[in-house]
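Let's take a walk through this protein together. Have a look at the picture and keep it beside you as you read.

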Amino acid sequence: MSTLPKTLTLDTSTSRANPTPQPMKRLTVPRIRQRKGGGEPLVMLTAYTVRQAQLLDPHCDMLLVGDSLAQVIYGLPHTVAVTMEMMALHGAAVVRGSYHAAVIVDMPFGSYEASPEQAFANASRLLKETGAAAVKVEGGKVLAPTIEFLTQRGIPVMGHVGLTPQAVNILGGYGVRGKSDEEARSIVEDAVAVAQAGAFSIVIEGVLESIAIEITGKVACPTIGIGASAQCDGQVLVTDDMLGMFERVPKFVKRYQDMAGVIDGAVKEYAEQVRSRSFPTDDQIYKG
Ligand SMILES: Nc1nc(=O)c2c([nH]1)NC[C@@H]1CN(c3ccc(C(=O)N[C@@H](CCC(=O)O)C(=O)O)cc3)CN21
Ligand SMILES: CC(C)C(=O)C(=O)O
Ligand SMILES: [Mg+2]
């Protein structure tokens with residue numbers, strides 16, 4: 001009889017006694033959509049690895065496999081270089097590490113912009129290969145026909161307006177968006193078009209607060225803010241930023257922990273103990 005706690009026992013009975021895999025109890029896209037309005041805000045964080053997903057899952061409504069893995073995992077300068085393979089592999093890991101949160105996967109730059117058909121081929125591949133619930137695409141009015149195309153064919157889409165990092169080569173940087181009246185109006189129009197096309201939720205990133213409040217009041221789906229407003233229907237941050245694992249972070253990040261400091265202290269102690277031969281001790285070695 002195994003003494004392992006239940007969470008660590010392998011359930012080998014599934015294949016024999018119960019050959020039909022049961023769907024897991026995850027938050028669904030329709031239930032996320034229903035969370036529009038002044039109720040409890042939606043909690044979203046990025047996740048890229050199985051262990052990260054396991055630790056975040058109990059506390060989050062949604063886990064975003066963000067293309068920010070470019071900077072966070074791969075040391076790339078921008079998200080432009082991210083590939084379908086990267087999103088598919090990290091997406092699958094995050095789905096394996098979670099059972100409660102809905103998993104959303106960012107579509108990488110170049111995988112959806114050319115046509116609705118291109119977007120469907122790549123979005124369906126991401127859902128098949130990862131088991132995620134939905135995809136996220138950056139863009140506004142121009143993307144509306146694509147969002148409608150995917151939604152009508154069974155692929156839930158999260159939108160992303162305002163500061164859209166995949167457009168860094170057009171924008172020239174990651175500065176706040178919507179400072180001119182014209183740009184502000186354009187961002188609101190983008191969000192309205194994305195919502196009308198059927199997006200189940202919209203990320204609003206890096207805009208003046210008044211824009212985020214106006215969009216949140218205008219669209220029928222929940223808005224998820226990052227550098228936007230506490231009045232959005234939910235919030236998202238890059239996990240490594242809020243844990244103090246990433247060196248240079250935008251103004252909109254709040255640091256909840258200094259994990260880099262924690263790791264630095266532990267590794268420094270290990271290095272000192274190896275060099276002084278005080279590790280390993282009898283506790284860590286085998287005696288015949
Ligand atoms: N670690 C990480 N965190 C993020 O929030 C993030 C990524 N990576 N990668 C993808 C995009 C890029 N994002 C970014 C990146 C940099 C700034 C930034 O440095 N903002 C400056 C202002 C820059 C300017 O005015 O030009 C700031 O201080 O807020 C903002 C958003 C958001 N996303
Ligand atoms: C910052 C969030 C919204 C994102 O798109 C990402 O992590 O890639
Ligand atoms: Mg992204």
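Two strands pair if DSSP finds at least two bridges between them. Keep that in mind for strand β3 (residues 102-106) and strand β4 (residues 134-136), which run parallel and are joined by three bridges. One residue to look for is isoleucine 104, whose bridge partner in β4 is alanine 134.

Before going further, some ground rules. This is a predicted model, in which local features need pLDDT of at least 70 and side-chain atom pairs count only at pLDDT 80 or more, while totals for chains, interfaces and linings use all residues. Residues are numbered from 1 along each chain as its sequence is written, and chains are lettered from A and ligands numbered from 1 in the order in which they are written.

Now the overall fold. The protein chain has twelve helices and eight strands; helices (H or I, at least four residues) and strands (E, at least two) are DSSP runs, numbered from the N terminus. The eight strands form a closed barrel that runs β1-β2-β3-β4-β5-β6-β7-β8 with parallel pairing. From one strand to the next, the twist averages 25 degrees. Angles here run from 0 to 180 degrees between N-to-C directions, with axes being lines fitted to C-alpha atoms, for helices over the stretch in contact.

Helix α5 (residues 84-96) lies across β2 (62-65) and β3, at about 170 degrees to β3. Helix α9 (residues 181-196) lies across β5 (157-162) and β6 (201-205), at about 175 degrees to β5. Contact means that the C-beta atoms of two residues, placed from the backbone, lie within 7 Å.

What surrounds the ligands? A residue counts as near a molecule if its C-beta atom, placed from the backbone, lies within 6 Å of it. Ligand 1 is surrounded by 15 residues, and the closest are Ser68, Tyr174, Gly175, Pro250 and Lys251. By class, the shell around ligand 1 has six nonpolar, six polar and three charged residues. Around ligand 2, you'll find residues including Thr46, Asp67, Ser68, Asp106 and His160. The shell of ligand 2 divides into five nonpolar, four polar and three charged residues. Here Ala, Val, Leu, Ile, Met, Phe, Trp, Tyr, Cys and Pro count as nonpolar, Asp, Glu, Lys and Arg as charged, and the others, Gly among them, as polar.

UniProt, in an unreviewed entry, lists Asp67, Asp106 and Glu138 for "binding site". They are spread over 72 residues of sequence, yet cluster in space, with a largest C-alpha distance of 10.9 Å. UniProt positions are given in the numbering used here, feature names are shortened, and annotations may be inferred rather than shown by experiment.

Next, burial. A residue is buried if 20 or more other C-beta atoms lie within 10 Å of its own, exposed if 12 or fewer, and partly exposed in between, with C-beta atoms placed from the backbone.

| Residue | Loop | Other C-beta atoms within 10 Å |
|---|---|---|
| Glutamate 138 | between β4 and α7 | 23 C-beta atoms |
| Leucine 143 | between β4 and α7 (144-152) | 26 C-beta atoms |

Leaving aside residues up to four places away in sequence, glutamate 138 touches His160, Thr164 and Gln166, and leucine 143 touches Val137 and Val194.
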